[in-house]
Amino acid sequence: MTHAYRPGKASLRSGIALSAVLLALTAPTGALAQDTQTPTAQTQTPAETAPAPLAAGETHGTRAAAEAAAHLAAGGEDEPVVLQAPAPDARRVYVNDPAHFAAITQQYIVDGNTARVVGMVDAGFLPNPVVASDGSFFGHVSSVWSRIARGERTDYVEVFDPVTHEPTADIELPNTPRFLVGTYPWMSALTPNNKTLLFYQFSPTPAVGVVDLAGKRFDRMIEVPDCYHIFPSSDQTFYMHCRDGSLLKVTRGEGGEPQTQNTEVFHREDEYLINHPAYSPKNGRLVWPTYTGKIFQADLGGENATFREPIEAFTEEEKQAGWAPGGWQQVAYHRDSNRIFLLADQRPQWTHKTPSRFVLVIDAETGQRIARYDLGRNIDSIAVSQDAEPQLYALSTVERTLFIHDAATGEETSSVDQLGHGPQVITTADM
Amino acid sequence: AEGAADPRRKWTPQDTDVQACDYWRHCSIDGNICDCSGGSLTNCPPGTKLASSSWVASCYNPTDGQSYLISYRDCCGKNVSGRCGCLNTEGELPVYRPEFGNDIIWCFGAEDDAMTYHCTISPIVGKA
């Protein structure tokens, strides 16, 4: 970088950090820009160094203004280009806004380190987002209509480059098979090798669609019994949860007839397992709370599913006092620390989709409660990054804001607001 | 859509205003009240398509002290109305019990295969 900077606010930071910030946030000038072959459609190479976190009292806007002023004062020229997002890491967060059933929707791509929106993609009606386990792509299963919300329907899978956010695949799904439902993350899933996308069909009969992402083509529909959700345990195997209270193991096989096998029934008919369980494809742990805070866990990574002793998140006294989970994505699981995060509050029965103000941290092995965080506001969805010092993400649908917390202390460290109309779904990758 | 009041308040039904989220027949509605966009309590707005399928709930009517089975049917084929948004979950069950699950877009059976969500009606189909 050749820019000179005047002393002032910017001088509070080191020159190295400032260079990195400038590289990430502003258009390159001079040699970088001249390297591009097409001056009318320039793009920037991704920043090699992530931008520094904001200082106290600083916002992205004030930082950018200071940098622009310094650039201008130094005689720098503005040479607009199309930016690229920083390379994804474990703290890349995808916030999906189903927009209260609107025909078109948006996905916000957030750098959790800096609490900055680094890009967006558009989608149709109630899309299901997916993110590759190695961060190499993200995408969604989506639906559009030829005349806004009527006319000919097209279901499709779209795959995006994580840095340019350009679509790299657009695969049509024949016979409009998508299940249109409030967004449940595990109604669509990638196989561990990220080569296959699986999606659920509800009507006319339960089925799972297989999309060959590597070959960029729809493969086939697999008919299944009366079961829901998709939890891939290997590149050829996934599990579902059935109406009768068992899990179903489905082995796809290459081209041949799929093999299915039910586990034992593991919960009673009056124990209601929520629509947003947590699942770690990396270690096969399925974490599934009920309306009352009983948490079933299964390990799907082996030859067959093995069930763990259920955990009660609340004591009998707490249940009597009204404590229960509630919200949209009510549970998160951090693989390395083997911790469960549960969104909960005091509430009457049958208010299980209204937001909660508290997060319980629970040891998944012992069932012991480690902490209870008071987030101080109404939160609908939580998730955690899977790095060693995880961030706890807390999304408020009504405030349309993602609050970022230190998962170890519960302390709120930053936030990102103005996330659409009714943001509900947080997706991260276990990189 | 939550109201301004405590989002965790207990459901307390009324029988005086069909456009309010606490109207007794809306005890398990998810989306928007059709009466607010040209439909009525039990009819779809012009230009939309009436689904034949539904989810159900047993809702308590404070006027006569009876519980009734409400068959929530969606009016489909237009973008979401955005008016009188409402989400109640009395007796609402997870998706593996779909007959009581209200996140599902219950547009099945609508004319022209309309499957986009516009609003929901709350007709009675029987006593519960």
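The stops below go from chain A to its pocket, and then to chain B.

**Before you start**

This is a predicted model, in which local features need pLDDT of at least 70 and side-chain atom pairs count only at pLDDT 80 or more, while totals for chains, interfaces and linings use all residues. Residues are numbered from 1 along each chain as its sequence is written, chains are lettered from A and ligands numbered from 1 in the order in which they are written, and side-chain values use heavy atoms, with hydrogens and water left out.

**Stop 1: chain A as a whole**

Helices (H or I, at least four residues) and strands (E, at least two) are DSSP runs, numbered from the N terminus. Of the 431 residues in chain A, 57% are buried. Buried means under 20% relative accessible area, exposed means over 50%, and partly exposed is in between (1.4 Å probe, protein chains only). Among contacts in chain A with a separation of 6 or more, 47% are between residues 24 or more positions apart; a contact means heavy atoms within 4.5 Å.

**Stop 2: two backbone details in chain A**

Select A:Ser203 and A:Pro204. The peptide bond from A:Ser203 to A:Pro204 is cis, with omega near 5°. A:Pro204 sits in the loop between β9 (196-201) and β10 (207-212) of chain A.

Now select A:His165, in the loop between β6 (150-160) and β7 (167-173) of chain A. Phi of A:His165 is near 60°, a positive value in a residue other than glycine. Is A:His165 buried or exposed? A:His165 is buried, because its relative accessible area is 13%.

**Stop 3**

A disulfide is a covalent bond between the sulfur atoms of two cysteines. Here the test is a pair of cysteine sulfur atoms within 2.5 Å, and the structure holds seven disulfides over all chains.

Select A:Cys227 and A:Cys242, which are joined by a disulfide with an S to S distance of 2.1 Å. The torsion about their S-S bond is about 90°, so this disulfide is right-handed. The pair links distant parts of the chain: A:Cys227 is in strand β12 (residues 227-232) and A:Cys242 in strand β13 (residues 237-242), 15 residues apart. Both A:Cys227 and A:Cys242 are buried.

**Stop 4: the largest pocket**

Rolling a probe the size of a water molecule over the atoms shows where empty space is left. On a 1 Å grid over the protein atoms alone, a pocket is an open set of points where a 1.4 Å probe fits, with protein on both sides within 12 Å along at least five of seven lines; lining residues have an atom within 4 Å of a point.

Which residues lie nearest the centre of the largest pocket? Select A:Trp186, A:Tyr279, A:Pro281, A:Thr427 and A:Thr428, from a lining of 33 residues. Elements giving two or more residues to this lining include β4 (128-131), β16 (278-280) and β30 (425-427) of chain A. About 720 Å³ of space lies in the largest pocket; grid points are joined across faces, edges and corners, and the volume is the space filled by probe spheres set on the points.

**Stop 5: disulfides in chain B**

Move to chain B and select B:Cys21 and B:Cys86, joined by a disulfide (S to S 1.9 Å). With 80° about the S-S bond, this link is right-handed. B:Cys21 is in the segment before β1 (30-32) and B:Cys86 in strand β5 (residues 85-87), 65 residues apart. B:Cys21 is partly exposed at 23% relative accessibility, whereas B:Cys86 is buried at 1%.

Next select B:Cys36 and B:Cys84, whose disulfide has an S to S distance of 2.0 Å. Its torsion is about -90°, so it is left-handed.

**Stop 6: B:Arg25**

Select B:Arg25, in the segment before β1 of chain B. B:Arg25 is buried yet has no salt bridge, and the nearest side chain of opposite charge, B:Asp15, is 6.4 Å away. A salt bridge is a side-chain nitrogen of Lys or Arg within 4 Å of a carboxyl oxygen of Asp or Glu; Lys and Arg count as positive and Asp and Glu as negative, while His and the chain ends are not counted. Leaving aside neighbours within four places in sequence, the contacts of B:Arg25 include B:Leu41, B:Tyr72 and B:Pro123.
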